[in-house]
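Please look over the structure shown below before reading on.

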Amino acid sequence: TSVVIAGDESAVLEIAEAFEAQGRKTRRLTVSHAFHSPHMDGMLADFRKVAEGLSYAAPAIPLVSNLTGTVVGEEEVSRPEFWVRHVREAVRFHAGVGALEAEGVTTFVELGPDGVLSAMGQECVTGDGHAFVPVMQRGRSETETLTVALATAFARGAAQAPDWAAYFAGSGARRVELPTYPFQRQWYWLDSGSPAGGSGDPAGLGLESADHALLGAAVELPDTDGFLFTGRLSLETHPWLADHAVMGAVLLPGTAFVEMALHAGEQVGCDRIEELTLEAPLILPEQGGVRLRLSVGTEDDDGRRPLSLHSRLESATAEEPWVRHATGQLTQGAQDPSFDLSVWPPEGAERVEAEVAGLYEG
């Protein structure tokens, strides 16, 4: 699904333009040299001298090389020429990940300054149940990212228990007994969370309650006669959202966008959605949640109000942009339904099977 091209600048840019003409996304890498291309030939002799002066040993654990895309042993890695070829030849990352998957590896831990390889690796595996765990991610807390990585690997059986004595050394922390509870090891209560994932009364923060399952608070904007609705969604606070999964990802259903738009319209005197365009799916993460921002603009001369809905992962940094999922128009004049909405299907309705069978799956 992706490839890196290195070589003469003019030729690389020409190839990139050809990809862009096909609607492909391209990005120019910020590097000092055209690595793994003929531009490296001038340094190979000096690099070979350095490699010949080093001592080599057999790998302590099985090693998959991105030079060959296969498991390599002492014979290959102890030859200086093996490392010289690394500078000059292509990086067979996809083949390397495939070799690990063939060996039964399901947990991949990335030791590096970011999570780039973890993102790429997810596109290389063919089966399900794989986890890619970066120990560092740009713009995120190093301590938190490393701790999450260790916990993830441990929970999947790929790591030993942490040395907590070393971890807490010098902090004054000590081990204490946890209190028991009446039904130990068995939970008898539903943990449905609070509406819209909030806690406490929004009025204490100078906000109004949105009185909605997905929206937590509402803010009237005096200067523009508009409204801003906020909320937080997660699988922990809204577990029923997990029922709507598409290709392994939990998506907010389209009906939820309609419901939020209708609710926002009711707060500003608009009882009808004239238009609602869904621009991007809202994917709920397995861990943590997403923040919602639903804005309703000023009423125009025809009584319409613009609407837009954005989201951003709560773990995102301030530099990461909000994603716009929907835009629309709210207005007045909704017609009363011609049937009783409390009865479904409506009396006298005929089920149309042939035209819609398999439509959703398709």
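## Pocket, patch and salt bridges

The second largest pocket has a volume of about 1,800 Å³, a volume being the space filled by probe spheres set on grid points that are joined across faces, edges and corners. A pocket here is an open set of points on a 1 Å grid over the protein atoms alone, where a 1.4 Å probe fits, with protein on both sides within 12 Å along at least five of seven lines, and lining residues have an atom within 4 Å of a point. This is a predicted model, in which local features need pLDDT of at least 70 and side-chain atom pairs count only at pLDDT 80 or more, while totals for chains, interfaces and linings use all residues. Residues are numbered from 1 along each chain as its sequence is written, and side-chain values use heavy atoms, with hydrogens and water left out.

The lining of the second largest pocket is made by 37 residues, and Q122, F132, P285, E286 and Q287 lie nearest its centre. Helix α7 gives the largest share of this lining, five residues, helices (H or I, at least four residues) and strands (E, at least two) being DSSP runs numbered from the N terminus. By class, the lining has 16 nonpolar, 15 polar and six charged residues, where Ala, Val, Leu, Ile, Met, Phe, Trp, Tyr, Cys and Pro count as nonpolar, Asp, Glu, Lys and Arg as charged, and the others, Gly among them, as polar.

Elsewhere, V3 lies in the segment before α1 (9-21) and is exposed, with a relative accessible area of 61%; buried means under 20% relative accessible area, exposed over 50%, and partly exposed in between (1.4 Å probe, protein chains only).

Salt bridges, defined by a side-chain nitrogen of Lys or Arg within 4 Å of a carboxyl oxygen of Asp or Glu, come to a count of eleven. Three of them are listed here.

| Salt bridge | N to O distance |
|---|---|
| D225 and R305 | 3.0 Å |
| R304 and E274 | 2.5 Å |
| E279 and R324 | 2.9 Å |

In the salt bridge between D225 and R305, D225 lies in the loop between β6 (217-221) and β7 (226-234) and R305 in strand β13 (residues 305-313), so the pair ties together parts that are 80 residues apart in sequence. D225 is partly exposed at 38% relative accessibility, whereas R305 is buried at 5%.

For the pair E279 and R324, both residues are partly exposed, E279 with a relative accessible area of 39% and R324 at 41% relative accessibility. Salt bridges that share partners also join R272, E274, D302 and R304 into one network.
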